[in-house]
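I opened my notebook to look up two things.

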Amino acid sequence: MTQEIKELKESREFLNLLLNNINTAVLVVNEEMRIQQVNGFFKSLFGISDMEDPDLTFGQVAGCTFSVEESKGCGNTTKCAQCALRKNLVNALLSEVPADKVSLSRTFYIDGVPQEKHLEFSTRYIRFHDRPMVLVLIYDVTELTLQRMRLSEKQEQVQRDLKSAALIQKGLLPTSANCQNGLELGWKFAPSTHVGGDIFNVLQAPGPLTALYMVDVCGHGVAASLVAVTISQQLQNLSCRHCGGALPLPPAAVLNELEEVFPFERFDTFFTCVYAQVDEARGLAAVSAAGHPAPLLIKRHGTVEKIAAKGPAIGLGSYSKYEQAMVDFGPGDQILLYTDGVTEALGMDDTRFGTERLLEIAAEHGGRPPQELADAVFKAVAQFVGPVGFDDDVSIMTVRYMPAY
């Protein structure tokens, strides 16, 4: 018998040793919601040096803000009805219903100082000496919760910044005021994220010329968008620079300048570009392209042709000089610029939208105003990809010459 008592005593000591050295707060409350036992981590968590009166409520022992500020025990404050811990203790005692990892965020007065704690607790119904009790396990997740909150705040800030960047990028896209000299404009833009690497516009050059450009920077997101904005600003400067005489730089010279200004080593990326100058007075358009999908010339009588203006993407260090094509551009004619987000769009059957579909839509809707043509192309691509949406930025811009006479 003596040996059995000794073994029982040792087993209790061993159990107490375990309970006092785990990083989970353990307490036992009776049917009156009064604490009967706590472990060492519970005392450490709530800054308790000694349990002089173990027959107190959780709020009184832990320094719950409700109990401290109203000088009342659990169940007697005006806030107790909202307490998740009390609710689950009652459920455990009355219905023997357990709870697992319930969140509890509250201010506790620890050494007289209010501290915000983020906790999780689990409850289990037990009986001891034929008395109903509840075993409560409390996990301190304050640091983890604060880290999540800080991460969430950073993500929200990123989202706000992205929305602001999208507004800035949108402000650099064309407006009706961009077009003069009898030109009509239509466009559609859908970035695959908040912001994208596509940018395009119409620039009124000095004299009778109007410049059109479309840029597609490799990649997506903020980095690509920043490079696109920089290229746009450079193109605005180049469109006004004169080449010898009174006329600004021709398209080929503009692209050659871009190749000098945007080496891969400087921006760690490359981009495609198409740049055109329309001379309404002469009924001509000069076009140069750098790795960009060929623009479409839609004649007023319905024919559609690709403008053969080829050249390598800018930033690849090819050091080749860009050339330009000259095409007739008379009243009623349209030029359609687009990025490979249109032709490379992936459909639900894993096929690409392709150039042939684009040519068919351009022929069918080429007699309509530019905005209606841009809308028709965009609608066809959107229907082709279906609910999956675009996996690349989609840009479409159309310009038509319609003189006032």
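I count a contact when heavy atoms lie within 4.5 Å. I also keep in mind that this model is predicted.

**Entry: Leu-212.** I looked up its contacts, leaving aside neighbours within four places in sequence.

**Entry: the cores.** Which residues touch the most other members of the largest nonpolar core? I found Leu-212, Val-215, Leu-258, Phe-271 and Ile-314. This core has 49 residues. Helix α7, residues 221-239, gives the largest share of it, with 7 residues. I then found a second, separate core of 28 residues. Among its members are Ile-48, Val-61, Leu-89 and Leu-119. I noted the general rule: nonpolar side chains in soluble globular proteins tend to be buried together.

**Entry: positive phi.** Most residues other than glycine have a negative phi. I looked up two residues with a positive one.

Asp-111 is not a glycine, yet its phi is about 55°. I located Asp-111 in the loop between β3 (99-110) and β4 (113-128). Is Asp-111 buried or exposed? Its relative accessibility is 66%, so Asp-111 counts as exposed; the cut-off is over 50%.

His-129 is the other entry. Its phi is near 50°, again positive in a residue other than glycine. I found His-129 in the loop between β4 and β5 (131-140). His-129 is exposed, because its relative accessible area is 66%.

Definitions and conventions
Residues numbered from 1 in each chain as written. Predicted model: local features only at pLDDT ≥ 70, side-chain atom pairs only at ≥ 80, totals over all residues. Heavy atoms only, no water. Core = buried A, V, L, I, M, F, W, Y, C linked by side-chain atoms within 4.5 Å. Buried < 20%, exposed > 50% of the residue type's maximum accessible area, 1.4 Å probe, protein only. Helix = DSSP H or I, 4+ residues; strand = E, 2+ residues; numbered from the N terminus.
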